[in-house]
Each structure stands twice: as structure tokens, then as C-alpha cells.
Amino acid sequence: MALREVRTIGDPILEKRSKEVTKVTDRTKELIDDMIETLYEQNGVGLSAVQVGVLKRIVIMDLSEDGEEPVVMINPVIRETDGEQEGYEGCLSVPGKTGKVVRPNHAIVDYLDEDMQPQSMEGEGIFARCICHECDHLEGRLYVDLVDGPLRNVEDLEEQEDDNGEEAGEDH
Ligand code: NI
């Protein structure tokens, strides 16, 4: 396993559409292992392959409390969303920044696991926010284009919170 460099805003690869994965090779497995290691090292909750410079539709998420239960999603497709939530969101590709984004509050996602077996996952709150954020990455979209109001410095927000006492969100 090895850490991979996280691409940051301004890098044109982040605006490209990632391609469907048709088979899991040893290289794909190595990429997945490296993405998991990179996600933990960066203290994020989600990471897409494009963020480490690989245009494949692979997403890693870990929303568990102890951060030891990575979920690997290959070719994820959001089948259903409903509800609405507004909250601060961050991105490992936009370091030090956070902004308020409206997302669905509930999502169901279909994907393939590492054995290319179809799976589904469903959740609310941070899960729905995270999967929408990651699927946007796969389409070449960054959350900064969805931000309602100003993009804030995480540091400033941590010192002051915002007017409503809300705090910066997790990085994806
Ligand atoms: Ni992100």
C-alpha cells in the first residue's frame, strides 16, 4: 500500500468524467488499497479515484465512528433521493475551505463491490451528503459550484462557528 497524492482544485483532471470499471485487476485492487490508506491519512470520510488522478468510477467511504470500516463502491449509481438538508461540506481537493451546500437527506445507491457483485446501500444525513458529493466527483463536478453563500476558511469557522453556531463539515 502507498499514499497517493490528492489532486486539488485547479487540476483539470478534477473536471473530467470518470469511466466505468469493467473488471477488477490487481492494479485496481492496489488503487483501492492506496485510496483507503490515503483517505485515512487525510482524515476524510470519502474519496473518489479521480482525486488521486485515476479516472475510474471508484469511491471509498467510511462514515463509521472509529473510521475502520471502509466501503468500496465501484460504478455507483444513485437510484433514489428524497428530502433536503443544508450544511457545511468540505473536500480533500479543496483544502482548508468549507461551504454550505443543500443536498438530499436520504439516498439509495446501487454499486458493485470489489468482487463485482451488485450491492445497494441506503442512508440519511451524512451518508446522503457523502454519496452525492462523491458521485459529483465522478462527473467532474466539485461542491464549490453548489455552495450557497461564501466559501469559508475552515480555520475561521472553527474559531467563530458561523452565525447559526454551525461547524465546518467533513472532507470528502
Ligand atoms: Ni471531494
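Me: Which strand holds glutamine 85?
Reply: This is a predicted model, where local features need pLDDT of at least 70, side-chain atom pairs count only at pLDDT 80 or more, and totals for chains, interfaces and linings use all residues. Residues are numbered from 1 along each chain as its sequence is written, and side-chain values use heavy atoms, with hydrogens and water left out. Strands are DSSP runs of E with at least two residues, helices are runs of H or I with at least four, and both are numbered from the N terminus. Glutamine 85 lies in the one covering residues 85–89, strand E4.

Me: Is glutamine 85 buried or exposed?
Reply: Buried means under 20% relative accessible area, exposed means over 50%, and partly exposed is in between (1.4 Å probe, protein chains only). Glutamine 85 has 16% relative accessibility, so it counts as buried.

Me: Which residue's backbone oxygen does the side chain of glutamine 85 reach?
Reply: Contact here means heavy atoms within 4.5 Å. Leaving aside neighbours within four places in sequence, glutamine 85 touches several residues, among them Val101, Pro104, Ala128 and Gly125. The backbone oxygen that its side chain reaches, at 2.9 Å, belongs to glycine 125.

Me: What is the strand order in the open sheet of three strands?
Reply: Two strands pair if DSSP finds at least two bridges between them. E4 and E5 pair in the antiparallel sense over five bridges, with glutamate 86 opposite valine 102 in E5. The edge strands, each pairing on one side only, are E4 and strand E8 (152–153). Put together, the order is E4-E5-E8.

Me: Which residue in E6 is the bridge partner of isoleucine 78?
Reply: Strand E3 (residues 71–82) and E6 run antiparallel and are joined by six bridges. Threonine 81, for one, stands opposite alanine 107 in E6. For isoleucine 78, the partner is valine 109.

Me: How many residues sit between E6 and E7 in their hairpin?
Reply: E6 also runs antiparallel to strand E7 (residues 118–124), with seven bridges joining them. Alanine 107 has glycine 123 as its bridge partner in E7. In the turn, methionine 116 has a positive phi of about 60°, and the number of residues between the two strands is five.

Me: Why is the arrangement around the nickel ion irregular?
Reply: Donors are N, O and S atoms within 2.8 Å of the metal (3.2 Å for Na, K and Ca), and since water is not among the atoms, sites may look incomplete. Cys91 (SG), His133 (NE2), His137 (NE2) and His172 (O) coordinate the nickel ion at 2.1 to 2.3 Å. Four donors count as tetrahedral if all angles lie between 85 and 135 degrees; four count as square planar and six as octahedral if opposite donors are over 155 degrees apart and all others between 65 and 115, and anything else is irregular. Here the arrangement is irregular because the four donor atoms subtend angles of 98 to 137°.

Methods:
A polar contact is a pair of N or O atoms within 3.5 Å; within protein, one must be able to donate a hydrogen and the other to accept it, and residues adjacent in sequence count only if both atoms are side-chain atoms.
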